[in-house]
Amino acid sequence: MQNRIFSQDLVNQVVNELKIADLEKATIGEVLLLASSLEQITGIPFIRMDQGVPGLKPCRIGIDAEKKALDEGVASMYPAAAGIPVLKEEASRFVKAFLDVDISSGSCIPVTGSVAGSFSSFIACNQRDKDKDTVLFIDPGFPIQKSQLKILDIKYIEFDVYNYRGGGLKAKLEGLLEKGNISSIVYSNPNNPAWICLTEDELQIIGELATKYDAVVIEDLAYFAMDFRTDFSKPFQAPFVPTVAGYTDNYILMLSASKIFSYAGQRAAVLCISDKLFSRKFEALAQRYSGSGIFGPVFIGEILYMITSGITHSTQYGYAAMLRAASDGELDFVKETSEYGRRAHRMKELFNKYGFHVVYDKDIDRDISDGFFFTIGYKDMSCAELMRELLYYGISSIALSTTGSEQQGIRACCSRMHDDLYAVLDERLRFFRLDH
């Protein structure tokens with residue numbers, strides 16, 4: 001392995017110093033720390049494909065609105081637990097503009113990022129019915145959500161959707177749902193890490209089965225409208241972003257500002273709960289919290305408030321301004337984020353050039369979109385082997401096995417790629433190919 005950038009001894013030394021118990025099962029945070037430490041020790045930069053952080057400038061509209069709110073004194077006031085009216089109204093309008101879904105402003109709940117949103121959603125969904133104690137993941141998915149369930153001591157089951165696309169999805173899902181113990185169904189669309197996009201038919205299958213078996217769909221829309229094969233940029237005009245909300249009333253949509261507005265640092269998201277679910281009474285909630293048992297008020301007052309006490313006041317004004325500008329057609333966030341598609345396309349070309357292949361490459365019969373993430377495999381290397389080997393060549397990633405995938409390969413994020421890094425990536429992949 002004469003072309004390695006970092007020696008095996010050095011990598012092992014840093015792994016030991018960071019107390020990483022098993023590099024092959026390393027979390028995103030552990031890989032991030034490892035790559036950063038190797039950079040600091042050697043001065044040699046990594047090709048960073050590990051953490052999914054925005055690679056674009058934050059939206060100026062949000063920043064200016066936050067500054068204005070701070071100047072007007074909101075920092076001295078606690079935000080309402082349910083969110084400020086203007087953000088709730090703009091979230092409702094945004095959902096109508098880009099999803100063509102009607103959700104009242106009262107059912108749109110600001111949260112401190114989608115991580116807080118999923119954490120509170122898992123609690124509410126699992127506590128609403130004593131017989132429904134298990135979360136179902138349509139994988140691959142975001143590892144953090146399973147870590148949340150470990151903290152909450154909530155059971156979960158999972159399956160890799162790779163072999164269950166299209167019609168095969170219904171039989172697989174129904175076989176798991178008919179036991180009656182599934183409280184919620186979780187997936188991201190577009191998918192983190194595979195970047196597959198569920199079709200309308202697949203969303204209909206999920207929605208109808210969620211209704212039939214009374215499971216709540218938690219639909220993570222962190223990469224909203226980033227299926228760049230279709231132009232979703234025109235508010236209040238078809239085509240609209242596909243969503244399960246068209247096929248069931250049992251849903252919670254998670255809309256994050258992190259990627260679509262490059263606003264990750266402010267931890268801003270909105271949970272859009274269907275009006276019927278929001279106003280539905282559950283006896284188990286009434287008994288636990290000695291109240292009405294109505295899902296929405298319990299969610300806000302008894303669960304979410306105990307976790308975060310509300311989203312930062314000024315950030316809500318910034319998020320509201322960005323949503324308003326998008327719905328008004330003044331901010332083309334899809335045009336901004338399409339840069340990720342261009343980066344992913346160039347990176348895939350280089351990986352293909354040196355014998356790698358895209359693992360999740362199809363949406364049934366269509367090539368997947370180029371976007372924020374993609375997946376890469378190499379010959380018959382396992383997830384762990386490929387992730388570790390790429391580290392020696394200065395390329396950081398995460399193993400697909402940590403995402404619930406049963407396929408062999410790694411997740412690659414394109415957000416940190418810039419023009420001057422493509423030549424570096426080309427050289428390092430060439431070195432890798434020479435050694436393998």
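Modeller: We begin with axes, which are lines fitted to C-alpha atoms, for helices over the stretch in contact, with angles from 0 to 180 degrees between N-to-C directions. Helices (H or I, at least four residues) and strands (E, at least two) are DSSP runs numbered from the N terminus. The model is predicted: local features need pLDDT of at least 70, side-chain atom pairs count only at pLDDT 80 or more, and totals for chains, interfaces and linings use all residues. Residues are numbered from 1 along each chain as its sequence is written, and side-chain values use heavy atoms, leaving out hydrogens and water.

Biologist: At what angle do the axes of α4 and helix α13 cross?

Modeller: Angles under 35 degrees count as roughly parallel, over 145 as roughly antiparallel, 65 to 115 as roughly perpendicular and the rest as oblique. The axes of α4 and α13 (residues 313-327) cross at roughly 30° and come within 9 Å; the two helices are therefore roughly parallel to each other.

Biologist: Which residues of α4 and α13 make the contact?

Modeller: Contact means heavy atoms within 4.5 Å. Among the residues involved are Leu-87, Phe-94 and Phe-98 of α4, and Tyr-317, Ala-320 and Leu-323 of α13.

Biologist: What is the order of strands in the open sheet?

Modeller: Strands of a sheet pair through backbone hydrogen bonds, either parallel or antiparallel. Two strands pair if DSSP finds at least two bridges between them. Here seven strands follow the order β2-β8-β7-β6-β5-β3-β4, with mixed pairing. The edge strands, β2 (108-111) and β4 (155-160), each pair on one side only.

Biologist: How many bridges join β3 to β4?

Modeller: Six bridges join β3 (residues 134-139) to β4, and these strands run parallel. Thr-134 stands opposite Lys-155 in β4.
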